Amino acid sequence: FFSSRRRHTRLLTVTGVQTCALPIFNAIKITKADKRIKTDEVLIGANMEIQKLVKNLGLGDNVADFAKQIFNSCRKKKMLRGRKTLIIAMGCVYTACKIQNIPRTSDDFCRQMNVSKSKLIKTHHLISKNVDFEQKFAEPEAYISRISDILKISRKTETVAKTILDKYPNRQGKNPVILMAAAIYIASEEKEKISQAQLAMAARCSEVAIGHRVRDMKKHVPQ
């Protein structure tokens with residue numbers, strides 16, 4: 001009688017271990033699969049947002065491809081935790097423009113995505129700090145064709161504006177769009193007489209900021 005009960009106990013113990021082990025193993029497999037699916041969904045969503053933003057800003061496929069590479073680097077470094085994919089994707093495109101020396105301002109991005117400028121800049125700094133690449137900022141001259149196309153500025157005024165910029169000593173750390181707009185304003189004073197309000201609309205920046213930079217340029221650049 002004693003040995004019979006012992007046998008039943010052993011059988012129940014073994015059976016219990018076997019029936020418990022199978023669900024645990026399956027749960028591990030399912031969890032890994034869920035993680036892969038979630039990662040794929042995040043990448044697909046980010047790539048769609050990058051393509052949409054690149055198209056709206058009139059950027060090329062090279063910017064989109066580079067921004068996707070930056071986003072993937074952010075994902076591998078686990079920078080997506082606690083952050084919105086949309087904001088990171090936007091920061092990647094902005095960073096790609098900076099690296100490739102493409103003239104797009106933070107205001108251009110914020111208007112497209114309805115995101116605050118401070119949040120974009122903060123995300124850009126986060127990416128710059130954690131992803132390895134050499135960063136180059138667009139020169140003011142890169143914006144002249146964009147402003148000229150809108151205001152139909154003459155080639156002569158463009159040339160004079162570039163000369164003014166070359167002679168201006170305080171370019172470091174200044175907004176390149178405002179620098180270019182101020183130089184065009186000074187260059188156009190004799191003949192075309194483009195107003196600061198027109199330049200502010202074309203350059204998508206503050207009229208007050210242009211006025212301030214114009215005054216500073218006139219002090220340092222001989223007319």
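This is a predicted model: local features need pLDDT of at least 70, side-chain atom pairs count only at pLDDT 80 or more; totals for chains, interfaces and linings use all residues.
**Exercise 1. Describe the secondary structure of the protein chain and state how many of its residues are buried, as a percentage.**

Solution. Step 1. Helices are DSSP runs of H or I with at least four residues, and strands are runs of E with at least two. The protein chain has 10 helices and zero strands.

Step 1. A residue is buried when its relative accessible area is under 20% (1.4 Å probe, protein chains only). Of the 223 residues in the protein chain, 38% are buried.

**Exercise 2. Identify the largest nonpolar core and the elements that contribute to it.**

Solution. Step 1. A nonpolar core is a set of buried Ala, Val, Leu, Ile, Met, Phe, Trp, Tyr and Cys residues joined through side-chain atoms within 4.5 Å. The largest one has 33 residues, and Val93 and Phe109 have the most contacts inside it.

Step 1. Two or more residues of this core come from each of α1 (2-56), α2 (61-76), α3 (85-99), α4 and α5 (117-130). Helix α3 gives the largest share, 10 residues.

Step 2. A contact requires heavy atoms within 4.5 Å. Leaving aside residues up to four places away in sequence, Phe109 touches Leu53, Leu57, Met90, Val93, Tyr94, Cys97, Arg104 and Leu120.

Step 3. A second, separate core has 29 residues, including Ala161, Ile186, Ala200 and Val214.

**Exercise 3. Describe how α4 and α5 pack.**

Solution. Step 1. Axes are lines fitted to C-alpha atoms, for helices over the stretch in contact, and angles run from 0 to 180 degrees between N-to-C directions. The angle between α4 and α5 is about 115 degrees, and their axes are 9 Å apart.

Step 1. The residues that make the contact are Ser106, Asp107, Phe109 and Cys110 of α4, together with Lys117, Leu120 and Ile121 of α5.

Step 2. Ala, Val, Leu, Ile, Met, Phe, Trp, Tyr, Cys and Pro count as nonpolar, Asp, Glu, Lys and Arg as charged, and the others, Gly among them, as polar. The contact accordingly divides into four nonpolar, one polar and two charged residues.

Definitions and conventions: Residues are numbered from 1 along each chain as its sequence is written. Side-chain values use heavy atoms; hydrogens and water are left out. Buried means under 20% relative accessible area, exposed over 50%, partly exposed in between (1.4 Å probe, protein chains only).
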